[in-house]
Number of protein chains: 2
Amino acid sequence: MTAERILHPRLRDRVVSAEAAAAWIAPGETVAMSGFTGSGYPKAVPIALAQQIETAHQAGQPFQIKLMTGASTAPELDGALAKADGIALRMPFQTDPDARARINAGKLDYIDIHLSHVAQHVWFGFYGEIDTAVIEVTAIREDGSLVPSTSVGNNKTWLDLAKKIIIEVNEWQPADIDGMHDIYYGTALPPHRKPIPLVHGDDRIGQTTLNCDLDKVVAVVRTNGPDRNSPFTPADETSERIAGHLIEFLKHEVARGRLPANLLPLQSGVGNIPNAVLAGLANSGFRDLEAFTEVIQDGMLDLLKSGVLRYASCTGFALSPAANEEFKRNIAFYRERIVMRTQEISNHPELVRRLGCIGMNGMIEADLYGNVNSTHVMGSRIMNGIGGSGDFARNGFLSAFLSPSTAKNGTISSIVPMVSHVDHTEHDVAVVVTEQGLADLRGLTPKQRARVVIDHCVHPDYRAQLEDYFDRACRDAYGKHTPHLLPEALSWHQRWLDTGTMREG
Amino acid sequence: MTAERILHPRLRDRVVSAEAAAAWIAPGETVAMSGFTGSGYPKAVPIALAQQIETAHQAGQPFQIKLMTGASTAPELDGALAKADGIALRMPFQTDPDARARINAGKLDYIDIHLSHVAQHVWFGFYGEIDTAVIEVTAIREDGSLVPSTSVGNNKTWLDLAKKIIIEVNEWQPADIDGMHDIYYGTALPPHRKPIPLVHGDDRIGQTTLNCDLDKVVAVVRTNGPDRNSPFTPADETSERIAGHLIEFLKHEVARGRLPANLLPLQSGVGNIPNAVLAGLANSGFRDLEAFTEVIQDGMLDLLKSGVLRYASCTGFALSPAANEEFKRNIAFYRERIVMRTQEISNHPELVRRLGCIGMNGMIEADLYGNVNSTHVMGSRIMNGIGGSGDFARNGFLSAFLSPSTAKNGTISSIVPMVSHVDHTEHDVAVVVTEQGLADLRGLTPKQRARVVIDHCVHPDYRAQLEDYFDRACRDAYGKHTPHLLPEALSWHQRWLDTGTMREG
């Protein structure tokens, strides 16, 4: 028997079933939910809502919502609602296979937004009003304030702006997470903004709980369910080589005096390759590292445990089941070393620039000139979304983009003449890394960048083909600053669509 | 007879001819000069240097430099050195016809950088060491501190980092400009950065002069020459219609409560269309406007004079000869209303986000999905550079990109299926304006954006053609999130190269 988590009497009186709570949500509403990369999302109300939507559809009644979150969630939220055809519009990020399939079939509208922009753009009124917020918390204190769970995301903004609020209190979340969060209430709309008083990545500038207008709370639901994330694939040779190149580069920068011995605060995207980088850092000889990032995944927990990483600031977790158990078991240890913030703070341009973060993110493809595509397969099919990669690439000290040099059994080259969609421009990309090597693009002209990308990053199977494009472009292009042959610039992608490989005939 | 401008005795002893000063610059050096959009650039040493380079070339000796500035300069600097084939590498921005021709012929290397990145990336060591700084000032005080002239740009960083310094003291610049500048010495390298204590756009947070290590000053040159900018073209009907659409939109945003009655600090790019917007604001009924921008051009001086604009913060000027005379004549008036800052402050992500600037910049082309090309003609030929447009588009409250809907006598559509180069991604563009109308892209999915761009921005001559592309892409694209037909996506540009028009058949 666990201790009572709902300590405010009035809110305890509002405890209802997930079905009763979901019934507060009407067709056409804009619903803002908690959740960031499979952590801290509501576990029960979205499923109940999906059932009510299916029932309505069976009765021939239209029922869809506009759905906002922090970032991606899990099958119980995005999956259930997408399968029920219950989402008219999704933002700002998703990774769900069912949602993705619907988006790319043109059946689900999706808006892909810098994570640092979401809260303020909603607050500015660019996305209309929020009807209902559905927020998972760990506990409700006596005074009605909310102890966040394993992600903060945009919860502060959702609670502030929503007309009605549904709270899920999840007993599966460790009660001792209380105290880990730092919720900053100092943001404002311009012209009333002030400097954000954060100088070190582990500074605490806010409060540990979320404020909540109790009059807006229409329902409270008790849950007891785990955050769900897939286990990471163990690092393979490709990931380890990518990690090795990047870590060697960082050591080189320290040796040249361009980085402090303990680097600068690290931001790490989510996925197997960033996780391999974190694993590589564990045995690299670095000490006193810092992380100012969005998401803590397995590798970062290991770094904290081994003491290589001094602290981590984040807005959510993406932990495998095993890492989740480790986190819960040693929550007292991690609470001293982890600060969880709202995503407007974790990704804030002011702070990313001030701290000089080192951004390390995966990508879909890069081109000769250092433009990076993080979101679209063959120019039109969305994968996940830009997430926070742009926040760190643009405003940090250094931006590295990582990918194996090929995909789909070698039929796709991740280094192409021209990317089929641009998320990070030539102005924002410092370093490109594949298992082949690392291209340091800093201080280089476009043609010099092409040279190092060809020499260091492209797979040998595509090197001659890329070199041939570049040589002919240098000779025949309309302009010789960024030489391109327009009829061929996207031809690799079309060849893959037509023949199943980017390789020439 | 004007009063003596060089009040420090030791520096008065270092006065030499421009030729003698230029002789301090050796082949292969990295030379950092003052200058931002045709203001405050050195008037004599670059010409003398160009002559020495030509003499060397005639003698068969190689002589080129790497040249950094604040932004663009004028014929006496970029033009003279480019014509002499004296520039091996240019950064971070240029607008000179001779330099541009050499860049696009592949004979001059150019790196195009966000203006907010320049000072810090040089300070980080990404561009090697600076050998010589050549800085125009208005005067040298008794204590050796320097009174800046009509641009600040990166001068603080150049003076701090250069191994040797050449100062031009330009008596043409008004002595009473003293007091107008605000040079902030609080920036640092991470991990030592602190919040920048600027809360209102007209706050003064620094000192009025530039610090200078006198031991590094190898030469001082007296000059008396004007800043050179072309007169603006009087606003034509197209510019006025673009301005009209944007101003109507801003009024609408005020009426909807999304903007204060006096808007938010305006950033305005340089050129005839942004100037037309400023002219339009003069008679729009707005009052107490603010400007936090890079450059003050004629229209902004008019707004200050009429009292519509309360103040302007900038890092340089781009004034016609007539406006320059007006500025000098009424310098006491303007000194109370203008603050000149370093470009790391005028374009700083922290401040642009805090103040919530409204960015208004020209563009070369935009595409269906709201990606903007600010720099490249037909994907490979550079025009000028990205300048500060990205700093404001990404981090401000709102970003508007402005262009006539066609160029080159209607043979080029500024709205295309896919831009041939991306400087501002779909994630960063809020509003696109042509004389046809305004597309408000906020809160829209890619396909919804395409609809409003077709309906509001494209020229009627290209509307059916663009609609046909979009309809077929929606039907046939590999993915339906951002529908593109890759073989056709850049075909409009290639058609123009092949046939002289983007029009079909």
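Predicted model: local features only at pLDDT ≥ 70, side-chain atom pairs only at ≥ 80, totals over all residues.
Q: Is B:Asp440 buried, partly exposed or exposed?
A: The cut-offs here are under 20% relative accessible area for buried and over 50% for exposed. B:Asp440 has 27% relative accessibility, so the label is partly exposed.

Q: Which residues are linked with A:Asp440 in a network of salt bridges?
A: Over in chain A, A:Asp440 is part of a salt-bridge network.

Q: Which residue in E25(A) does A:Val431 stand opposite?
A: Strand E24 of chain A covers residues 431–434, and E25 of chain A covers residues 437–440. Four bridges join the two, and they run antiparallel. They form a hairpin with two residues between them. Across from A:Val431 you'll find A:Asp440.

Q: What do B:Arg310 and B:Glu290 tie together?
A: Their side chains meet in a salt bridge, 3.9 Å from N to O. B:Arg310 lies in strand E12 of chain B (residues 309–314), while B:Glu290 lies in strand E10 of chain B (residues 289–292). So the pair ties together parts that are 20 residues apart in sequence.

Q: Why does the pair of B:Arg354 and A:Glu350 join two chains?
A: The two residues form a salt bridge, with the closest N and O atoms 3.1 Å apart. Both B:Arg354 and A:Glu350 are buried. The pair joins two chains because B:Arg354 lies in H14 of chain B and A:Glu350 in H14 of chain A.

Q: How many salt bridges are counted between chain A and chain B?
A: A search of the whole structure turns up 63 salt bridges over all chains. At the interface of chain A and chain B, the polar-contact rule finds 33 residue pairs. The salt-bridge count between these chains is two.

Q: Which helix gives the most to the side of chain A that touches chain B?
A: In total, 84 residues of chain A are in contact with 84 residues of chain B. The helix that gives the most to chain A's side supplies five residues and spans residues 349–355. That's helix H14.

Q: Which three residues supply 13% of the area that chain A buries against chain B?
A: The size of an interface is often given as the accessible area lost when the parts come together. Here the buried area is about 7,200 Å², and carbon and sulfur atoms give 56% of it. On chain A's side, the three residues supplying more than any other three are A:Arg353, A:Arg394 and A:Tyr478.

Q: Which residues have the most contacts inside the largest nonpolar core?
A: This core has 241 residues. Apart from it lies another core, of 74 residues, with A:Leu368 and B:Val419 among them. Those with the most contacts inside the largest core are A:Ile338 and B:Ile338.

Definitions and conventions. Residues numbered from 1 in each chain as written. Chains lettered and ligands numbered in written order. Heavy atoms only, no water. Core = buried A, V, L, I, M, F, W, Y, C linked by side-chain atoms within 4.5 Å. Buried < 20%, exposed > 50% of the residue type's maximum accessible area, 1.4 Å probe, protein only. Pairing = 2+ DSSP bridges. Contact = heavy atoms within 4.5 Å. Buried area = accessible area lost by both parts, 1.4 Å probe. Salt bridge = Lys/Arg side-chain N within 4 Å of Asp/Glu carboxyl O. Polar contact = N/O pair within 3.5 Å; in protein donor to acceptor, adjacent residues only side chain to side chain.
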